[in-house]
Amino acid sequence: MSNSSTDDSGPLLGPADIRELAGVLGVRPTKQRGQNFVIDANTVRRIVRTAEVRPDDVVVEIGPGLGSLTLGLLEAADRVIAVEIDDVLAAALPSTVAARLPGRADRFALVHSDAMHVTELPGPEPTALVANLPYNVAVPVLLHMLATFPSIDRTLVMVQSEVADRLAARPGNKVYGVPSVKANWYAEVKRAGAIGRNVFWPAPNVDSGLVSLVRRDKPVETSATRAEVFAVVDAAFAQRRKTLRAALAGWAGSAAAAEAALVAAGISPQARGEALTVEEFARIAEMREAGK
């Protein structure tokens, strides 16, 4: 397929390329899968640059779609593993890579699967995750990948702006919640820029944001397991307007037991979940185990 003559995308896909490829494949982006394809080569280059992709990186990409970001990543990384659930898109991607970056095609691997069920990847362990995540599954997919592949050191995801705010929120912020705390268990999280609507096809009716997650050098120090800590987080935010004494009553067995665990952890029973750091949630989990 020829490069579009109306843009300077080089081997990357421009708007005309995307539409032509979609037409050939009979692809219409579906709302059900949250598909919005990036049609701007400069945005792709910006994402790759912001992700600080290095020549020795093994990058895993979720939901590559027609391959816009895939090609940009392949130019910069040692290898790219793309995980795609859609049958038509998965079937077409290797030939797009071969046609546009023939010299790098042997550095590309495709996993045709639902990212939520991926537990292993071909080739060397991934060092980075870079993805334009479908809006409807962004948080669970991100947390699954961070949990399953501890070798992923750096992550940059493009998500709905509101989700980006939630992921990067700090304690005390009104949008701080379950995604914020769980992402922070694994990584230092921050907003890494905004993405306008006009770089997508179809243009979504929401803005997008980039979120950077750099894995913690040292995990959260706690004797509680991740599952135990996450159980406290889920309970605290299931009824986020309630005090922790009330919100954690079901988790602890009673409000009195919740209060005892909170006091032992040095946390006010009158506090609310949105005020606590991930380390404080871990302390509460430890105290419940200690009190059993």
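Modeller: Two axes count as roughly parallel at angles under 35 degrees, roughly antiparallel over 145, roughly perpendicular from 65 to 115, and oblique at the rest. This is a predicted model, in which local features need pLDDT of at least 70 and side-chain atom pairs count only at pLDDT 80 or more, whereas totals for chains, interfaces and linings use all residues. Residues are numbered from 1 along each chain as its sequence is written, and side-chain values use heavy atoms, with hydrogens and water left out.

Biologist: Why are α7 and α8 called roughly antiparallel to each other?

Modeller: Helix α7 (residues 178-186) and helix α8 (residues 226-238) pack at an angle of about 160°, with their axes 10 Å apart; the axes are lines fitted to C-alpha atoms over the stretch in contact, and the angle, on a scale from 0 to 180 degrees, is taken between N-to-C directions. The pair is therefore roughly antiparallel, and the crossing of α7 and α8 is right-handed, a word used if the near helix is turned clockwise from the far one by less than a right angle, with left-handed used if anticlockwise.

Biologist: Which residues in α7 meet which residues in α8?

Modeller: Counting contact as heavy atoms within 4.5 Å, Val178, Val181, Lys182, Trp185 and Tyr186 in α7 meet Arg226, Val229, Phe230, Val233, Asp234 and Phe237 in α8. By class, this contact of α7 with α8 has eight nonpolar, no polar and three charged residues, where Ala, Val, Leu, Ile, Met, Phe, Trp, Tyr, Cys and Pro count as nonpolar, Asp, Glu, Lys and Arg as charged, and the others, Gly among them, as polar.

Biologist: What makes α5 roughly parallel to α7?

Modeller: Helix α5 (residues 138-148) packs with α7 at an angle of about 20°, the axes being 10 Å apart, and that angle makes α5 roughly parallel to α7. The crossing of α5 past α7 is left-handed. Val139, Leu143, Leu146 and Ala147 in α5 meet Pro179, Lys182, Ala183 and Tyr186 in α7, and the residues of this contact divide into seven nonpolar, no polar and one charged.

Biologist: Why is α5 described as largely enclosed by the rest of the structure?

Modeller: A residue is buried under 20% relative accessible area, exposed over 50% and partly exposed in between, with a 1.4 Å probe and protein chains only. Eight of the eleven residues of α5 are buried, so α5 is largely enclosed. Those buried residues are Ala138, Val139, Val141, Leu142, Leu143, His144, Met145 and Leu146, and they pack against β2, β5 (128-132), β6 (154-160), α6 (161-168), α7 and β9.

Biologist: Why are α3 and α4 called oblique to each other?

Modeller: Helix α3 (residues 68-76) and helix α4 (residues 87-100) pack at an angle of about 50°, with their axes 11 Å apart, and α3 and α4 are therefore oblique to each other. Thr70, Leu71 and Leu74 in α3 meet Leu93, Thr96, Val97 and Arg100 in α4, and the residues of that contact divide into four nonpolar, two polar and one charged.

Biologist: How do you know that Val211 counts as buried?

Modeller: Val211 has a place in strand β9, and at 0% relative accessibility Val211 counts as buried. Leaving aside neighbours within four places in sequence, Val211 is in contact with residues including Thr155, Val157, Leu167 and Val189.

Biologist: Is Glu52 buried or exposed?

Modeller: Glu52 lies in the loop between α2 (41-50) and β2 (58-62), and at 54% relative accessibility Glu52 counts as exposed. Glu52 also has a positive phi of about 55° although it is not a glycine; most residues other than glycine have a negative phi, and most peptide bonds are trans. A cis peptide bond joins Trp201 and Pro202, with omega about -10°.

Biologist: How do you know that the protein is as compact as a globular protein of that length?

Modeller: The protein has twelve helices and nine strands, helices being DSSP runs of H or I of at least four residues and strands runs of E of at least two, numbered from the N terminus. Its radius of gyration is 21 Å, close to the 19 Å that the globule rule gives for 292 residues, so the protein is as compact as a globular protein of that length. That radius is taken over C-alpha atoms, and the rule is 2.2 Å times the number of residues to the power 0.38. Of the 292 residues, 51% count as buried.
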